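Welcome! Here is a short briefing to read alongside the sequence and the 3D view. Take it one topic at a time and look up each residue as you go.

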Amino acid sequence: MSAQNWLRDISDYGPACKNFLQADSVFQVTALNVRTVVLLVAMTKAREVVEALYSSKMDLFGSLSTGDTYGDSGSFESHTATLSQLMSTSSSDLSTASTEGTNEVTVLQSPQCPIGELSFYHGLGSRNAFRARLVKAGDFLVFCDVEHDCRPSLLVLNYNCCFVGVFVFDEDEEGKFFIQQAKQPHASFSSVGEAVQNYKLWGTILQVDALGSKNFYILVREVVNPIYEQMHSFGAKGIHWTHLPFYHGHLPRDQLSGRLERNGDFLLLAANDQHLLRLGVRWDDTIRILKIKLQPNSGHYCLPRTNKLQPVEIVSSVEEYVKAVVAGRCVLDNCVLKWPVNCPVVRRGQYRCCECCREAMDCYHGVPKISLRPLCSLPYYHGEKRDPYELKDRFVSIGDYGVYFCTSTKCLMLLVCYQSKTHGSTYVVCFKIVRADDNMLHLERHSRKHSFSTVSELVDFYANNRIKLATRFFGSPVRLLKPVISDEFLGNQRVVRNCRHDVLPYFFPTQQPYSCAYMFERDGDFMLSQHSEDSIPSLSVLVKGEVKVVELSSVERNGHYQLPRVHTAEPLEWVDSVDEFVKSSIVHGMPIFGLLPRRPILRDSKLRRVRHCTIKRKKNKEKQENV
């Protein structure tokens with residue numbers, strides 16, 4: 001059987017397969033492709049070829065667990081840039097930083113993800129409990145093994161789906177993670193998630209010696225945690241609130257701590273005999289009952305907003321509301337809901353009254369809707385702007401689209417880039433999103449049959465169905481093809497490692513945070529400050545109209561910062577800069593001593609804010625004098 005025939009039956013085994021298809025035989029390939037051959041042959045049960053390659057003089061297994069990066073350098077998730085290039089970027093780019101002693105910095109496309117926020121992290125448990133979740137060859141997941149001191153472990157299914165390899169992560173002196181393989185040199189990583197992603201990206205082969213033979217494992221497909229998939233991948237199914245798996249009835253408050261174990265765990269309960277629904281959540285290692293009250297059968301639930309100018313988005317069920325809040329990582333009463341805690345089947349009748357059980361019998365399970373997200377959490381929402389031409393430089397290709405709120409017309413607008421029929425140039429056209437009498441949203445001058453309760457539903461409908469939007473003048477009809485990500489979203493995603501904090505655009509040296517209270521406008525606004533040149537920076541965040549300051553010295557060690565954890569049994573993970581530390585908290589909704597930073601206050605906006613406050617004070621003074 002030729003190598004090409006083996007590969008025709010294999011899918012999703014990485015970009016190296018493309019290069020291997022061009023080889024005539026197994027032994028006429030490059031170093032990267034040779035390692036891929038061993039992987040693919042092992043997956044297709046041709047063990048005799050694996051043994052032949054292993055016994056040859058070729059160095060195939062010299063980097064089984066080192067994560068060596070053979071191949072095209074363009075596939076890296078990071079790149080280098082000079083300090084002058086970064087300083088010349090827009091002030092909204094939060095990745096402006098430099099490395100001490102050099103003129104180059106490494107820019108990452110996303111901050112580190114703590115182990116508790118990984119989609120394929122299945123929590124605390126035993127190996128036998130998670131084996132059944134691996135179905136196909138190459139399936140893998142990460143968990144903390146309670147039978148072995150809660151050490152982070154990797155579970156992988158082998159090529160014939162008969163054996164499961166368990167690989168325990170070790171830590172070096174710097175607190176970095178790696179998997180040791182037969183006393184071979186290893187590469188260590190800052191977090192478990194970074195290590196797993198590198199092993200998967202570069203086709204690292206992991207081996208286990210069993211009964212004199214070697215079993216080889218490769219990471220192919222992430223097995224997503226069922227609870228994570230339930231809340232992020234699938235929309236509402238039309239389940240009545242009494243039949244939701246995370247509804248615990250009239251559960252007493254003193255029993256919440258026994259069911260909520262991790263930060264972000266939440267459940268739904270009835271607060272009184274009228275079944276007024278409340279959300280209980282563990283946040284910052286404290287059990288809290290959120291102030292939000294949900295009427296059980298109102299059929300009218302407003303999604304959270306970060307600004308009063310944003311339109312009110314309404315959903316019709318408790319299930320839709322909870323899933324939209326979780327998928328959008330919305331902040332409710334300074335908390336973020338993450339993982340629902342399902343009520344055990346044997347306990348569902350313990351704290352439920354007759355009305356709860358009677359309503360549950362009428363539950364209807366329909367086809368899942370699309371996953372909803374509030375407007376404020378959409379990556380293509382560009383906030384409040386006065387003029388659409390402030391964004392015209394971001395829309396360069398036909399079909400680029402985004403949403404913003406126009407402060408001059410007090411309307412929500414959909415921006416789309418189109419091409420003129422007469423001139424051939426590209427322009428930006430605005431479509432007004434209006435609300436009908438039934439509180440449904442639709443595009444002005446378009447059919448009202450396409451009306452939706454949320455902006456995300458409306459945009460997804462036109463984008464997924466490739467419906468043409470007619471322009472008013474001489475432009476050709478346009479489709480929604482590619483979302484334009486907002487500067488704020490991109491700024492939080494892009495981070496710099498090994499950077500000095502004194503050049504970050506949201507760092508204010510030797511500045512008293514309380515004296516800059518006028519610069520904080522909305523909850524979640526934050527800045528970094530420093531009391532002296534040698535001290536560790538402190539973080540200031542606006543919470544409910546009050547500026548709160550926390551010192552970061554307790555999470556700093558030799559220039560590294562400890563990522564927040566959702567459970568005390570999970571391993572400690574570190575990042576290399578305060579910029580990555582803060583942005584990891586923003587992106588993944590992790591609290592820093594109970595505070596949730598959202599939007600940075602930039603140094604170049606200080607003068608503008610001072611002028612704004614001065615003008616506002618003058619107007620208020622004139623009004624008082626006129627009165």
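**Cysteines**

C150 counts as buried, with a relative accessibility of 18%, because the cut-off for buried is under 20%. Please keep in mind that this is a predicted model. The points below start with the cysteines and then turn to aromatic rings, charges over rings, and strands.

- C144 is buried too, and its relative accessible area is 0%.
- How many disulfides does the structure hold? The number is zero.
- A disulfide is a covalent bond between the sulfur atoms of two cysteines.
- C144 takes part in no disulfide, and its nearest cysteine sulfur, that of C150, is 6.3 Å away. A disulfide would need the two sulfur atoms within 2.5 Å.
- C150 is likewise in no disulfide, with the sulfur of C144 as its nearest at 6.3 Å.

**Aromatic rings**

- A pair of aromatic rings is described by the distance of the centres and the angle of the planes.
- The count comes to twelve aromatic pairs.
- One of them is the tilted pair of F130 and F143, with 5.3 Å centre to centre and 55° between the planes.
- This pair links distant parts of the chain: F130 sits in helix α6 (residues 127-130) and F143 in strand β4 (residues 139-145), 13 residues apart.
- F130 and F143 are both buried.
- F246 and F266 form an edge-to-face pair, because their ring centres are 5.8 Å apart and their planes stand at 65°.
- F246 belongs to the loop between α8 (226-232) and α9 (256-259), while F266 is in strand β12 (residues 265-270), so the pair ties together parts 20 residues apart in sequence.
- F452, F461 and Y462 are linked into a cluster by ring pairs.

**Charges over rings**

- R262 places its charged end over the ring of W339, 4.1 Å from the ring centre.
- R557 has its charged end over the ring of W574, at 4.2 Å from the centre.

- In strand β13 (residues 277-283), seven of the seven residues are buried.
- Both faces of β13 are covered, with L277, L279, V281 and W283 on one side and R278, G280 and R282 on the other.
- β12 and β13 pair in the antiparallel sense over five bridges, and L269 stands opposite R278 in β13.
- The hairpin of β12 and β13 has six residues between the strands, and H275 in the turn has a positive phi of about 60°.
- β13 also pairs with strand β14 (residues 286-289), in the antiparallel sense over four bridges.
- The bridge partner of V281 in β14 is R288.
- Two residues lie between the strands in the hairpin of β13 and β14, where D284 takes a positive phi near 55°.

Note on methods:
Residues numbered from 1 in each chain as written. Predicted model: local features only at pLDDT ≥ 70, side-chain atom pairs only at ≥ 80, totals over all residues. Heavy atoms only, no water. Phe/Tyr/Trp six-rings, centres within 6.5 Å; stacked < 30°, edge-to-face > 60°. Buried < 20%, exposed > 50% of the residue type's maximum accessible area, 1.4 Å probe, protein only. Lys NZ or Arg CZ within 6 Å of the ring centre and 35° of its normal. Pairing = 2+ DSSP bridges.
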